[in-house]
Amino acid sequence: MPAQPSSADLVDPVEPRDTRGPGDPPIPATPAPQRAARPAEPVEPVRTRDTTGPASPGVREEPGRATGPARAAETPQPTDATPSADTTPPADAAPSACPADTALPADAAPPADPGGPLRREQAHLAASRAALRAMRADVEALDISDVTANWVNAAVLQSQIDNRIKALADHAGTPLFFGRLDYLREPGPEPRPHHGPEPGHEARSEAETAARETAADGTAASAAAAETSAGTAAGGAARYYIGRRHVHDADGDPMVVDWRAPVSQPFYRASKKEPMGVALRRRFGYTGGELTAYEDERLSDPAAAETVSRLLQTEIERPRVGPMRDIVATIQPEQDEIVRAGLGGTLCVQGAPGTGKTAVGLHRVAYLLYAHRERLSRAGTLVVGPNRSFLRYIEQVLPALGELEVAQATVDDLVAHVPVSGTDTPGAARLKGDARMAEVLRRAVRSGVNPPGEGLVVVRGSRRWRVPAGELRRIVDELLDRGIRYGAAREALPQRIAHAVLVRMEAAGEAPDDRTQNAVARDRAVKAAVKAIWPPVDPAKLVLRLLSDAAFLAEQAEGVLSADEQALLLWPKPPRSVRSAAWSAADAVLIDEVRDLVERTQSLGHVVLDEAQDLSPMQYRAVGRRCTTGSATVLGDLAQGTTPWSTAAWAEALSHLGKPDGRIEELTEGFRVPRDVIAYASRLLPAIAPGLKEATSVREAAGALEVRRVGAAGAGGGAAGEARAGNEAGAGAAGYGPRPGLDAAVAEACRQALEHEGSVGLIAADARVPALAGALAAAGLPYLSPGEETTADARLTLVPASLAKGLEYDYVVLDEPAAVVAAEPDRRTGLRRLYVALTRAVSGLTVLHAEDLPPELA
């Protein structure tokens, strides 16, 4: 047990336990240089007051300090929890919520407590930050000048050190720990002998601590010593602080435990029904990175009532500014089960809006890197998102959790083998994404193989060795039947021919060896035969020919595609070359398929695929090729599919991905979208996804919802307005240009939304964006584009509906729902796009319309 710390570096002592993860360095064999201890100094007493009530039992806050959600939202880094105080609770407060220093006789006056729990927790935070700085300083001080053999090794090692230094950065606005677990006994596979506490110990343990603190000399150090002895007397129960990363002191003892460590799991899953050996779970609240509150749950005390965490609820509902933050302090039990699922299998998560599926997927990556770091560091990990704006929105989550080496890309990035400058008609795009195209391309690749019509003669010295045409055809047929990739078979063909020559040489009494076989394989005649029989394939040129040559396409698509479908694929005016072709995004996926048929695509250890419902079968295959030997986490919502080829069922999607045995989980409890908002948007579900459960919101706040029609002037008036109102989905949104009345109303709604705290998103049909941009400029409201980081001075973002997926804003102003629906090629897709737009709000939604709302919303 380390020596008792001074008040300047005070921590609540715990039994030493190695809780480091695979990515943390080994505990040094020799302790770091000892810093001179300072004498304990008295801590200024903290006055207490009763700030709790029936709705928030057990929440303790430091008087005179703003207690609410942690306000680190102004920085790019995530923050945690909220209020709570070191105070005496009301008489009706639940026993489980009473802090240690308040469990005194009712007629006793609260003693002056200069070293109460809140101050000790603050001191532990300060000491933990100091320890983290020391860990970083130790890495920065490493001298590798004489430990590497060459400059290459030195560069690699220095890069690793640099990454380690970045991972050890301490962000002042980001709480180092957000919770604490007090176990009944030391957790682990081989716990220490323990006879259990006496009856009622859990309810009295902190009261005993308070009594000892009262008898102490009034210093924080003596209070901590008293608490330590109480814990030891009760059976040596372990205490762990849960945070974003592991922090240890100079002796290697843990001061903060990584949230991904097994010992941290009960923080997320323990409950009154299943306490998992936890006596007390404490949550912390922060203001601007400073610990100002705590809240206790006594999970193993039968007399303690089960309560709803106010800190947790406030953190979930906290206004958001800037990119997505981690949810490590608020992960729910059902989310934690997904996060900690094993690496071996593929997991598919169907998540309704606001259920946190994207955050769960990112935290799953962080957990897998912690639990399987060596394996995944070799194989690599990848996060695939729908667009670059979305990736910019989520890009800071993993670095905030200490993971800096995870690649992020869109599907278009993965298949960027040719420049994309063209577009397909919806019908052509749907057909090019059809899984049947895989068979057409496979046939096209193999069509290049030409069965030999004559034998082959190889000259070696004075001898001539002949391989007849029949034997050559058998060799070619065997390679085709094996189903190996085109390029691998082409490389094997000369060796197979050389082997046939060597068999004849041995039959003639010669003794050839491997060098002879390699020489024969490189013979000019053999190389010429291989080129004629198995010519090289250029993927882009093959796809170009397939889309330009009607006869070639008909030959390869026979029995797979109809004549009408073949005509839909053909370019009206074939380009002259690969460079002059106006390739579409769907064409690039076809080229990627051919590349994999020729040469194997490198597989990664794990791939997270977000917003997967919008992928075509061919796009699923493209992603699946990146994890053929690894696993995947697939995230999406079938109700938010907004492409003509969007996924109909997850089982089908997993099959195209190459993971038919993947497990499907469903998240239906929303934590971000308010109750009234999700209920309003769910009116569309029967029309867009009749098989899905309606999402529910666990948030206490109903949220602000306003649906308002703008007058006739805004609607355009007269026949023009009626004509626009009668537009059928699929006719496009070209008729929804500038509309002064509606535009001005939207700008005013944005101004009103900006009066609230948090981010504001103005979502509109793509065709309406230019007009609204002008209206915002005329109103003097600066705005950002999707992907640009919001700040305290720039909180309004103008979002085309086509880019809204995956984003969220505290307040959303939705312009003209009819235009959003009309912009899509069919009504179901338009209604799904509208569903996405309606569910981007975290606190409030305002819907402004001049046309009639879609009847599905009535």
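This is a predicted model: local features need pLDDT of at least 70, side-chain atom pairs count only at pLDDT 80 or more; totals for chains, interfaces and linings use all residues.
Leaving aside residues up to four places away in sequence, Arg281 touches Phe267 together with Pro266, Tyr268 and Ala270. The contacts of Arg281 also include Arg180 and Leu181, as well as Glu295, Asp296, Glu297 and Leu299.

We turn next to an open sheet. Six strands make up this sheet, in the order β10-β9-β13-β14-β8-β15, with parallel pairing. The edges are taken by β10 (407-410) and β15 (663-667); each has a single partner strand, so one side of each is left without a neighbour in the sheet. On average, and with direction ignored, neighbouring strands are turned by 15 degrees against each other. Within the sheet, β13 (residues 606-609) and β14 (residues 631-636) run parallel and are joined by four bridges. Here Val608 stands opposite Thr633 in β14.

Two helices that pack on this sheet deserve a look. Helix α8 touches β8 (347-351), β9 (381-385), β13, β14 and β15, and its direction makes about 165 degrees with that of β14. Helix α24 (residues 650-657) also packs on the sheet, touching β8, β14 and β15, with its direction at about 145 degrees to that of β14. Helix α8 itself comprises 15 residues, 357-371, and reaches 21 Å from its first C-alpha to its last, close to the 21 Å expected at 1.5 Å a residue. This helix is mostly covered, with 14 of its 15 residues buried.

The nonpolar cores come next. The largest nonpolar core has 161 residues, of which Trp259, Leu493, Trp534, Leu814 and Leu838 touch the most other members. Apart from it lies another core of 23 residues, and Ala753, Leu772, Ala773 and Val813 are among them. Two of these residues, Leu772 and Ala773, are also among the buried residues of helix α30 (residues 769-778), along with Val769, Ala771, Ala775 and Leu776. The buried residues of α30 pack against helix α29 (740-753) and against strands β19 (760-764), β20 (796-800) and β21 (809-815). Just after α30, Gly780 takes a positive phi of about 75 degrees.

Technical notes: Residues are numbered from 1 along each chain as its sequence is written. Side-chain values use heavy atoms; hydrogens and water are left out. The expected span of a helix is 1.5 Å times one less than its number of residues. Buried means under 20% relative accessible area, exposed over 50%, partly exposed in between (1.4 Å probe, protein chains only). A nonpolar core is a set of buried Ala, Val, Leu, Ile, Met, Phe, Trp, Tyr and Cys residues joined through side-chain atoms within 4.5 Å. Two strands pair if DSSP finds at least two bridges between them. Axes are lines fitted to C-alpha atoms, for helices over the stretch in contact, and angles run from 0 to 180 degrees between N-to-C directions. Contact means heavy atoms within 4.5 Å.
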